[in-house]
Amino acid sequence: MRTPTATHRTPSWVSSLKAGLRFLVHSNLFISLATVSVALTTALLANLPLDPLPLFIVFAATMFVYTVNRFTDLEEDEQNVPQRAAFTKRYGRLWLAVGVGLYVVAVATAVALDVSGAVYMLLPLAVVFLYSVGGVKRVFLVKNLVVGFAWGAIPLGVGYYYGQLRSPEILFLFAYVTVMLTIAAVVFDVKDIEGDRAAGIPTVPNLFGPRWTRIPSLLATVAVAAGVIALVGSGAIPRRFLVVLAMNAYVAAYIPFATPDRGPLYYGFVVDGEHVFLAAVVVALEWAIW
């Protein structure tokens, strides 16, 4: 006589955790916190005083840009990330209103406080046009570079806000974030192979396959780490900047597992969480020192 086999059930707390993480990812709250993490890391490593205004500006601009992108990429998301597309259809208008509202408040605040360079807050509009409307996604590697430079502009914006735009620390972080986010953007495209092929968007993964995306990305991550060590060794940047190697290790750890079958939480939370991880390490070291 056979004994009935027990069905495996996912614990309720695990299901609740996944649902919460999906909400953070699909609503763009998490990616907005990730860009705030870049601004926070920049201020701490460059020894700049913490000010909530630039952090809010970064959060608002990210929420605006990525929410607009959810609508312009809706057709592709229906094939690549159906859960995210469903979220956008159901709640997208609400989050678009939130994104636009926060962006308007950020611009108005910067103008009212006569913040130097407030005009540059119009750059998110240019990013939206280039990436979502202007067709740069259909040019090989250009969309990855646009993403990389858009994130690299965050340290530049922080440096400009504090009048330290040309400091070695700010310029290093601009270059570092730009390169690392370009690598991440290439890896991120692994999950979108089918949808990008159907839409006629050439990417590294759909032209060369996931394996030959992962190998160069991993080598590039190691090369960036070697460059950081060389710059610190030469005295070009302070020794404390070796902390960014924590992010290189994080990226090197997730690249081998970047496959098309990974769910949205892998790319939207694990991959996009690299800067949150680095900020946490930097903050922990700051607390340890003080």
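Predicted model: local features only at pLDDT ≥ 70, side-chain atom pairs only at ≥ 80, totals over all residues.
On the α1 side, the contact is formed by Lys 18, Leu 21, Arg 22, Val 25 and His 26. These residues meet Pro 264, Leu 265, Gly 268 and Phe 269 of α13. By class, the contact of α1 with α13 comprises five nonpolar, two polar and two charged residues.

Arg 84 is located in helix α5, which spans residues 82-112. With a relative accessibility of 11%, Arg 84 counts as buried, because the limit for that class is under 20%.

Leaving aside residues up to four places away in sequence, Arg 84 touches His 26, Arg 70, Asp 77 and Lys 191. One of these, His 26, also belongs to the α1 side of the contact with α13.

## Nonpolar cores

The largest nonpolar core contains 51 residues, of which Trp 151, Phe 172, Tyr 176, Val 244 and Tyr 254 touch the most other members. Helix α8 (residues 168-188) supplies the largest share of this core, with twelve residues. Another core, of eight residues, lies apart from it and includes Leu 53, Ile 57, Val 115 and Ala 118.

Tyr 254 touches Ala 184, Val 187, Tyr 266, Val 270, Val 271 and Glu 274, not counting residues up to four places away in sequence.

Methods. Residues numbered from 1 in each chain as written. Heavy atoms only, no water. Helix = DSSP H or I, 4+ residues; strand = E, 2+ residues; numbered from the N terminus. Buried < 20%, exposed > 50% of the residue type's maximum accessible area, 1.4 Å probe, protein only. Contact = heavy atoms within 4.5 Å. Nonpolar A, V, L, I, M, F, W, Y, C, P; charged D, E, K, R; others polar. Core = buried A, V, L, I, M, F, W, Y, C linked by side-chain atoms within 4.5 Å.
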